[in-house]
Amino acid sequence: MSSDANIFITETTIEGEEDGPLAGKSVAVKDNISTEGVRTTCASEMLDDYVPPYDATVVQKLKDAGATIVGKTNMDEFGMGSTTETSAYGATVNPVATDRVPGGSSGGSAAAVAAGKADLALGSDTGGSIRNPAAFCGVVGIKPTYGLVSRYGLVAYANSLEQIGPLAPTVEEAAGLLDVISGPDEHDGTSREEGADSDYASAADGDVEGLTIGVPTELIEGADEGVVERFEETLDDLREQGATVEEVTLPSVEHAVEAYYVIAMSEASSNLARFDGVRYGKSGGFDGNWNETFSEAREEAFGEEVKRRILLGTYALSAGYHDKYYKQAQDARAWIKQDFDETFEQVDVVASPTMPTPPFEVGESLDDPLKMYLADANTVPANLADLPAISVPAGEVDGLPVGIQFMGPAFGEETIVRAGSAVEN
Amino acid sequence: MSESSPGPEEVRNIARLARVDLDDEEVERFTEQFADILDYFETLDEVPEVERDADLVNVMREDEARECLSQEDALANAPETEDGYFKGPNVS
């Protein structure tokens with residue numbers, strides 16, 4: 001099945017220590033997370049033969065915890081996409097519904113768990129890239145608070161937004177994997193002390209008695225009817241378990257998608273400048289001068305979505321447009337943070353459907369990038385506000401998986417894990 | 001269409017600044033798509049000015065020599081090397 005579903009770019013066996021909390025567990029790792037001696041392509045022709053000389057901190061932690069890494073999973077090229085169709089190695093198939101996409105950009109990681117090709121998986125989430133495929137493939141995914149997990153060895157796309165996080169069949173297993181990878185790292189100056197001695201797994205106790213769940217009207221309005229029905233049923237179920245549900249309003253999130261894409265594209269245009277075909281990356285050959293060969297290599301080796309984002313990011317940062325796009329996007333980001341801060345004075349978690357629709361049909365969104373961007377409306381606010389968020393399966397619409405998302409205050413992983421685990425009751 | 005959205009010549013110029021060659025078809029497609037996308041980004045005009053958090057701090061480490069990649073490892077992924085150096089195209 002894995003060759004048909006195109007889940008792995010590279011299948012491998014990296015054995016970890018004999019003992020540890022993940023002994024006997026197989027883990028699939030997204031192909032933008034560096035593995036020493038095993039090629040790491042970011043699903044790009046640019047890095048087709050790139051072999052990292054060192055392990056990402058999270059990979060070192062997996063090995064120390066006794067996990068066996070079974071492969072590097074397919075993804076949208078450099079993490080840019082919401083469907084895992086922009087990979088240079090072809091699209092991944094959704095194991096639950098084969099005419100549908102698995103979501104993205106960590107589609108291979110979610111599919112590996114859904115198809116039973118790995119017990120657990122690591123993905124990265126810049127604007128929803130763990131939660132989106134978790135929802136589409138019917139598994140659990142956690143985007144940690146910014147700084148909880150080291151990004152050392154993660155090939156950067158938009159580093160002020162992205163975090164590495166776990167995908168697993170259950171909330172408890174996802175939380176257990178988060179326990180392994182979280183904590184400070186001297187190699188990542190943005191990593192934080194919180195999470196050093198975490199025990200998120202034991203927070204998956206399903207106890208939501210007294211928990212207050214805020215539901216922002218803004219994140220429900222655009223969702224499909226069937227998705228909203230499953231969402232409401234899940235909330236009813238949580239009410240029966242003793243939770244309180246309150247309507248809240250987050251006016252700033254109406255601007256989250258545009259702020260997210262301006263910031264992510266701007267950071268991408270800078271981060272991807274390192275791919276010059278000299279130190280690493282596909283070479284354009286040595287005819288002509290530096291700029292010409294550089295431009296030629298990048299034309300050939302980057303896919304269309306990557307070029308689109310590099311160009312739009314370059315434009316947004318260029319003289320005359322910086323204030324218009326980038327500065328305003330930063331204002332929107334500050335507004336969103338402020339909105340969430342105020343909301344978490346009233347409620348413990350904020351809930352919404354993870355994705356506004358069931359999984360897209362294969363090919364549905366590729367011709368219309370703006371349409372694809374708009375589908376990220378519910379997931380990008382957590383990245384802009386640096387907050388933790390979890391997606392948990394919340395039933396099906398016409399046989400297709402949908403997810404419910406809980407966002408928590410910064411370093412409130414235990415609370416979202418608890419809320420998520422109650423959905424499984 | 002947004003007033004500020006770039007025409008084909010401007011798209012070519014951005015591509016030059018970004019060091020990405022584009023073929024004619026891509027220029028045409030991007031020109032069209034950028035108009036839609038930038039038009040949508042214009043809604044950021046509605047965002048009020050917000051006082052930013054000032055709690056960001058720089059994180060520094062001591063500037064001391066420490067273990068790092070060997071020269072061989074550092075060069076291992078380079079398409080061309082010579083005498084222990086990266087070999088690149090002419091810079092002018």
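**View 1. Chain B from end to end.** Chain B carries three helices and two strands (DSSP runs, H or I of at least four residues for helices and E of at least two for strands, numbered from the N terminus). Going along the sequence, the order is α-α-α-β-β. This is a predicted model, where local features need pLDDT of at least 70, side-chain atom pairs count only at pLDDT 80 or more, and totals for chains, interfaces and linings use all residues. Residues are numbered from 1 along each chain as its sequence is written, chains are lettered from A and ligands numbered from 1 in the order in which they are written, and side-chain values use heavy atoms, with hydrogens and water left out.

The radius of gyration of chain B is 22 Å, whereas a compact globule of 92 residues would come out near 12 Å (taken over C-alpha atoms; the globule rule is 2.2 Å times the number of residues to the power 0.38). Its C-alpha trace spans about 55 × 45 × 20 Å along the principal axes.

View 2. Of the 92 residues in chain B, 29% are buried (under 20% relative accessible area; exposed means over 50%, and partly exposed is in between, with a 1.4 Å probe and protein chains only). Chain B exposes about 7,000 Å², with 43% of that coming from carbon and sulfur atoms (Shrake-Rupley method, 1.4 Å probe; for residues, only the protein chains shown count as cover). Its side chains include 8 positive and 28 negative ones, and the centres of the two sets are 6 Å apart. Here Lys and Arg count as positive and Asp and Glu as negative, leaving out His and the chain ends, and each charge is placed at NZ of Lys, CZ of Arg, CG of Asp or CD of Glu.

View 3. The largest nonpolar core has 70 residues, and Phe78(A), Leu311(A) and Phe340(A) have the most contacts inside it. Such a core is a set of buried Ala, Val, Leu, Ile, Met, Phe, Trp, Tyr and Cys residues joined through side-chain atoms within 4.5 Å. Elements that each supply at least two of its residues include H7 (256-271) and H10 (322-346) of chain A, plus H1 (8-17) and H2 (24-41) of chain B. H7(A) gives the most, at 10 residues. Zoom in on Leu311(A): among the residues it touches are Val11(B), Ile14(B), Leu22(B), Phe30(B) and Phe34(B), leaving aside residues up to four places away in sequence (contact means heavy atoms within 4.5 Å). Apart from this core lies another, of 56 residues, including Ile220(A), Leu235(A) and Ile390(A).

**View 4. Helix H13 of chain A, tucked away.** Eight of the 11 residues of H13(A) (residues 413-423) are buried, so the helix is largely enclosed by the rest of the structure. Among the buried ones are Glu413(A), Ile416(A), Gly420(A) and Val423(A). Their cover includes H5 (171-181), H6 (225-240) and strand S10 (389-397) of chain A.

View 5. Most residues other than glycine have a negative phi, and most peptide bonds are trans. Gly104(A) and Ser105(A) are joined by a cis peptide bond, with omega about 0 degrees. Ser105(A) sits in the loop between strand S3 (68-73) and helix H3 (107-114) of chain A. Thr84(A), also placed between S3 and H3 of chain A, has a positive phi of about 60 degrees without being a glycine. Thr84(A) is buried, at 0% relative accessible area.

Over in chain B, Asp83(B) has a positive phi near 50 degrees. Asp83(B) belongs to the loop between S1 (81-82) and S2 (85-86) of chain B, and is exposed, at 69% relative accessible area.
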